[in-house]
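Please read the points below alongside the coordinates.

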Amino acid sequence: MSASTDNMLSLTSLTVSNATAALEQGVAAIASGQSVFDLRNVQAVDSAAVSVMLAWQRAAQQAGLRLELKNLPANLKSLTKLYGVCSLVSPSLAECGEASSPAAAVPQHHHHH
């Protein structure tokens, strides 16, 4: 897939101010058959970024595609970790897996007999 077909490279922020536009851009890309979004140029993010990425995943599922979000900047990865949705956002993001999350181990301390 050439860079010219990845129209998500033009995305430089994922914030409340451009969430709707970014969502539409992503959904249009999915509709045209794009299943890999390269988010390396996204500099500014806030909580809206998580909603947008989850909405992209839903759109991809409805289109029968498996969407892969790659090259997420560190601030975006930490947001998905914070919300506990990184596996939903991008299943291939191993670094947001259980091993790195101390919170994932917490429930095992409750021994109900």
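1. The structure holds one aromatic pair; rings of Phe, Tyr and Trp (its six-membered ring) pair if their centres lie within 6.5 Å, and planes under 30 degrees apart count as stacked, over 60 as edge-to-face and the rest as tilted. The ring centres of Phe37 and Trp56 are 5.0 Å apart and the planes stand at 85 degrees, so the pair is edge-to-face. Phe37 belongs to strand E2 (residues 36–38) and Trp56 to helix H2, 19 residues apart, so the pair links distant parts of the chain.

2. This is a predicted model, in which local features need pLDDT of at least 70 and side-chain atom pairs count only at pLDDT 80 or more, while totals for chains, interfaces and linings use all residues. Residues are numbered from 1 along each chain as its sequence is written, and side-chain values use heavy atoms, with hydrogens and water left out.

3. Buried means under 20% relative accessible area, exposed over 50%, and partly exposed in between (1.4 Å probe, protein chains only).

4. The axes of helix H2 (residues 47–62) and helix H3 (residues 74–82) come within 9 Å and cross at roughly 80 degrees. That makes H2 roughly perpendicular to H3; the class runs from 65 to 115 degrees, with under 35 roughly parallel, over 145 roughly antiparallel and the rest oblique. Axes are lines fitted to C-alpha atoms, for helices over the stretch in contact, and angles run from 0 to 180 degrees between N-to-C directions.

5. Ser47, Ala49, Val50 and Met53 in H2 meet Leu76, Leu79 and Thr80 in H3, a contact being heavy atoms within 4.5 Å. The residues of this contact divide into five nonpolar, two polar and no charged.

6. Thr15 sits in the loop between strand E1 (13–14) and helix H1 (19–31), and is buried, with a relative accessible area of 13%. Leaving aside residues up to four places away in sequence, Thr15 touches Ala44, Val45, Asp46 and Ala48.

7. The chain has four helices and four strands, taken as DSSP runs numbered from the N terminus (helices H or I, at least four residues; strands E, at least two). Along the sequence the pattern is β-α-β-β-α-β-α-α. Of the 113 residues of the chain, 38% count as buried.

Key: Nonpolar A, V, L, I, M, F, W, Y, C, P; charged D, E, K, R; others polar.
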